[in-house]
Amino acid sequence: MMSSCDNFVLSKRIAQIASELLCVQAVRLYHDNALSKEPGCRRTPWHYDYHHFPIDSQNVFTAWIPLQPIPREMGPLTFAAGIVTYKLVKDLASNKFDSSDGKQLSQIFADKLIPVDDGSFDLGEISFHHTLSFHTAGATRTNESRMALATTYFEDGARLVSSPTMISGEFHKFMPAIEPGDIIDGEYNPVCYSRIDLLAKENVMNRSL
Ligand SMILES: O=C(O)CCC(=O)C(=O)O
Ligand SMILES: [Fe+2]
């Protein structure tokens, strides 16, 4: 039975947007993540997701779906613009970009004229970010939890990395029966959108007209 969460996680429409942003034919689900940030939580450290996924591909996108309106003081997801921005910051001493790196990061953004988008989200607004997109989220300064659903999709045909690490995540949990180096095609990672299936369906319909 489909739960209302599945309506989002397995949504063809959301997966299609991820697929089109990636310019790939089809995407599969990696995982969905319910993120509850309690009141008074500190900033989510600046990072990009690539190293946190055990997927041997950069064709990975995450849909981040607020479950309530998120004004600035509630800590919306925040992006440093530009797909290559991560290259400017990856050599900083700490990989965690905690508060001690904040000044250094702000300096880099200012020197390189990199805009930072920390705008609020209305309910119904969704953001999509590429696995190399550099992002953070502000501290939660209201007395409500900040709830969001983050769903990650990857290009159909991608493989599990050949040497998973602690950082690249619990692949056994999200990709049971898939071994390092194998194509990720298990039942936990369904194709959520395929342009090829859509074209095939259109062909059948045209033929029957
Ligand atoms: O919601 C957050 O604070 C961080 C989420 C995030 O980093 C992600 O979805 O990739
Ligand atoms: Fe992230």
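Predicted model: local features only at pLDDT ≥ 70, side-chain atom pairs only at ≥ 80, totals over all residues.
User: Where is Ala177, and what is its phi?
Analyst: Ala177 sits in the loop between H5 and S9, where helices (H or I, at least four residues) and strands (E, at least two) are DSSP runs numbered from the N terminus. Its phi is positive, about 75 degrees, although Ala177 is not a glycine. Most residues other than glycine have a negative phi.

User: What about Cys23: is it buried or exposed?
Analyst: Cys23 has 8 C-beta neighbours inside 10 Å, and so it counts as exposed. Cys23 lies in the loop between H2 and S1, and its phi, near 55 degrees, is again a positive value in a residue other than glycine.

User: How do you know whether Phe174 is buried or exposed?
Analyst: The count for Phe174 is 21 other C-beta atoms within 10 Å, and therefore Phe174 is buried. This residue belongs to helix H5 (residues 171-174). Phe174 touches Tyr30, His31 and Tyr188, leaving out residues up to four places away in sequence, where a contact requires C-beta atoms, placed from the backbone, to lie within 7 Å. Although Phe174 and His31 are 143 residues apart along the chain, their C-alpha atoms are separated by 6.6 Å.

User: What makes a group of residues a nonpolar core, and which members of the largest one touch the most others?
Analyst: A nonpolar core is a set of buried Ala, Val, Leu, Ile, Met, Phe, Trp, Tyr and Cys residues joined through C-beta atoms within 7 Å. The largest such core has 29 residues, and those touching the most other members are Ala15, Ala18, Val27, Tyr30, Ile55, Tyr153 and Phe154. Two or more residues each come from helix H2 (12-22), strand S1 (26-37), strand S3 (60-66), strand S8 (146-155) and strand S9 (191-194). S3 provides the largest share of this core, 5 residues. Apart from this core lies another, of 7 residues, including Tyr48, Phe79, Ala80 and Tyr86.

User: Why is one side of S6 and S9 left without a neighbour in the sheet?
Analyst: The open sheet has 5 strands in the order S6-S3-S8-S1-S9, with antiparallel pairing, and two strands pair if DSSP finds at least two bridges between them. Strand S6 (127-130) and S9 stand at the edges, each with a single partner strand, so one side of each has no neighbour in the sheet.

User: Why is H6 said to lie largely in the open?
Analyst: Of the 13 residues of H6, the number buried is 0, and therefore this helix lies largely in the open. From its first C-alpha to its last, H6 reaches 18 Å, close to the 18 Å expected at 1.5 Å a residue, an expectation defined as 1.5 Å times one less than the number of residues.

User: What radius of gyration does the chain have, and how does this value stand against the globule rule?
Analyst: The radius of gyration is taken over C-alpha atoms, and the rule is 2.2 Å times the number of residues to the power 0.38. With 209 residues, a compact globule would come near 17 Å, and the chain has 18 Å, which agrees. The C-alpha trace spans about 60 × 40 × 35 Å along its principal axes, and 32% of the 209 residues count as buried.

Note on methods: Residues numbered from 1 in each chain as written. Chains lettered and ligands numbered in written order. Buried ≥ 20, exposed ≤ 12 C-beta atoms within 10 Å, placed from the backbone. Contact = placed C-beta atoms within 7 Å.
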